[in-house]
Amino acid sequence: MRCNLFLFLFLIALHLPAQKKYPQDTFRPPLEIPLVLAGTFGELRSNHFHSGMDIKTQQREGLPVFAIGDGTVTRIKVSHWGYGKALYIAHPNGYTSVYAHLKKFGPEIEEYVKKVQYEKQSYEVEIFPDYGELKVIQGSTIAYSGNTGSSAGPHLHFEIRNSVSGKPTNPLLYGYEVRDATNPTVLGLYGYPLSKGALINQSADKIQLNYTKQSDGSYLADKVTAIGTIGFGINSFDRLDMAANKNGVYAIKQTVNGRVYSEFDFDSFSFGETRYINTLIDYAYFYDHRQRIQKCFKEPYNHLSIYESLYNDGKIKVEEGASYNVELLISDVAGNTTKLIIPIDGKKQEEKIAKDDETTENFVISSKPNNFDLGAAKVYFPASTFYEDFFINLEKGSDTITIHDNSVAAHRNFTISFDPSNYSEEDRKQMFIAHLDSKMRPSYSKTYKRDGSFTTRTRTLGTYTLVKDSVAPEVKPKNFKEKQWLSNYSYLSLSISDDLSGVDSYSATLNDKWILMEYEPKTNTITYDFEDNISNETECELKVTVTDNVGNSTTFVGNFFRK
């Protein structure tokens, strides 16, 4: 049956248009309420672009979610994190729709998933049904909206992907009606001297530029004096009607004296390139200010495919005595556009602000592997861990090390290996590698213990140490008491938590039969649905075992009655 799916996708590929055209009025909305968005496609997120649109569900869970078109379910994933409960439906026209953070699936799909969960005795599952095994028709109820996974509140995350390439595409290009009559907002404009000797307003370092709003609604920057190769960056957002959320902009176009120097939009992108977002934004500025400046020029290590047009990588070579008129056009999908004009005079000038180039005794060459011995631990950076070469700050310690800070983005995982030989065998069993935040609070970093060494792989720079966790997790009933009659209850609920290394696994039985308990980490809650009907006995014994990330374990035993 899997071969039939590949043949189906191949035939679709032969009929897909080469140019960027998206079917209009083909797909229905996934919800029946008005589409009000909390997040837009291509929005700048931590280490990734947003791959769909987040539809508000009126701060409620349980709204019916509908198939946007006829199709077949090709993938179902249930996870504690990420998309939570997610559903993937392939459509005959070559697109796949994705619905995430669901509360539960539609009846037929829910029954199908629970059967697999009980067979595997696991809440977390990933299922790839045979093509045609779970067919849906346009408008059928396939799920109910929720807040599962890494969701900050009830909403439906909705995507439309190309079935062949797997690339997500902008759902707002398919004819969906979302009210938007507001131009994007500019929060800040920045100039970047890029070549040796380049200056902007006597600064060799990045500089913020002033601008004012004009009577026609455009913005005009104060005249810039510059020399050498320079670039610009913009901090902006878009706001749709009926929502206060600061959403991402759709497109940015930069022209110099009427010539397009750079232009990019968020029609589509590849998941394989999404982490290169850290080369599109000024990552160091984001680390310091939690604001994202999008560069209108392309760095040499930027491998994003979002660019529609590039001349000289968007960099402007300013010559003495010449004048330049730079226009930045910031647009949303609805076509609302904000124009920012930057007049430039090419002029030699005295440097008054030097570039802040910090040097240390250690230097990382990004194209080569780098090893460092920090006493308590060794650090290995594979080639291409970082985007560019830089001086790295490393601090040794007897049991704690510091690896620079998070003002530098790591593109790939690097390895930290601690030597735990100063600790007893008994202590080592309960120890793990922890990352310390700015307040020196530890958080678990997945720790591998082998050959007398503790190792973790991470993309997070900062301070690391070894921590011992000797306290077992805590398990408490939430909605019942010992020997209580629960005949009218629809579910059982318990809280589970761990104060240090965190919950690793949990398992539960009812009268010695395994039961499915859904874990919601945001509320530290596990829940059993009595509709699963695992035991029909009047007297019930519930056992719940929770284990943390170093192996400490707690078993809760409770008894109740039910008719």
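Helices here are DSSP runs of H or I with at least four residues, numbered from the N terminus. Keep that in mind for the exercises below, and remember that you're working on a predicted model.

**Exercise 1. Work out which helix gives the second largest pocket its largest share of lining, and describe the rest of that lining.**

Step 1. Start with the space itself: the second largest pocket holds about 820 Å³.

Step 2. Go to the centre. The lining has 30 residues, and the closest to the centre are Lys 85, Lys 103, Glu 518, Thr 527 and Asp 529.

Step 3. Sort the lining by element. Two or more residues come from each of strand 9 (102-105), helix 2 (107-120), strand 42 (491-497), strand 45 (518-520) and strand 46 (525-529). Helix 2 takes the largest share, with 5 residues.

Step 4. Sort by class. You get 13 charged, 10 polar and 7 nonpolar residues.

**Exercise 2. Find how many cavities of 30 Å³ or more the whole structure has, and say what lines the largest cavity.**

Step 1. Run the search over the whole structure: 1 cavity turns up at that cut-off. Its volume is about 30 Å³.

Step 2. List the lining: Lys 85, Phe 105, Glu 110, Val 113, Lys 114, Gln 117 and Glu 518.

Step 3. Assign elements. Helix 2 again has the largest share, here 4 residues.

Step 4. Count classes: 4 charged, 2 nonpolar and 1 polar.

**Exercise 3. Describe the largest pocket: its space, its centre and its lining.**

Step 1. The space comes to about 1400 Å³.

Step 2. There are 41 lining residues, and Ala 284, Lys 355, Asp 356, Asp 357 and Glu 388 are the closest to the centre.

Step 3. Strand 15 (185-193), helix 3 (277-280), helix 4 (283-289) and strand 31 (390-392) each bring at least two residues to the lining. Helix 4 leads with 6 residues, the largest share.

Step 4. By class, the lining splits into 19 nonpolar, 14 charged and 8 polar residues.

**Exercise 4. Decide whether Ser 97 is buried or exposed, and find the side chain with which its own side chain makes a polar contact.**

Step 1. Locate Ser 97: it belongs to strand 8 (residues 95-100).

Step 2. Compare its area with the cut-off. Buried means under 20%, and Ser 97 has a relative accessible area of 0%, so it is buried.

Step 3. Look for a polar partner. The side chain of Ser 97 makes a polar contact with the side chain of His 91 at 2.7 Å.

Step 4. Beyond neighbours within four places in sequence, Ser 97 is in contact with Ile 68, Leu 87, Tyr 88, Ile 89, His 91, Phe 158 and Glu 159.

Notes: Residues are numbered from 1 along each chain as its sequence is written. This is a predicted model: local features need pLDDT of at least 70, side-chain atom pairs count only at pLDDT 80 or more; totals for chains, interfaces and linings use all residues. Side-chain values use heavy atoms; hydrogens and water are left out. On a 1 Å grid over the protein atoms alone, a cavity is a set of points where a 1.4 Å probe fits but cannot get out, and a pocket is an open set with protein on both sides within 12 Å along at least five of seven lines; lining residues have an atom within 4 Å of a point. Grid points are joined across faces, edges and corners, and a volume is the space filled by probe spheres set on the points. Ala, Val, Leu, Ile, Met, Phe, Trp, Tyr, Cys and Pro count as nonpolar, Asp, Glu, Lys and Arg as charged, and the others, Gly among them, as polar. Buried means under 20% relative accessible area, exposed over 50%, partly exposed in between (1.4 Å probe, protein chains only). A polar contact is a pair of N or O atoms within 3.5 Å; within protein, one must be able to donate a hydrogen and the other to accept it, and residues adjacent in sequence count only if both atoms are side-chain atoms. Contact means heavy atoms within 4.5 Å.
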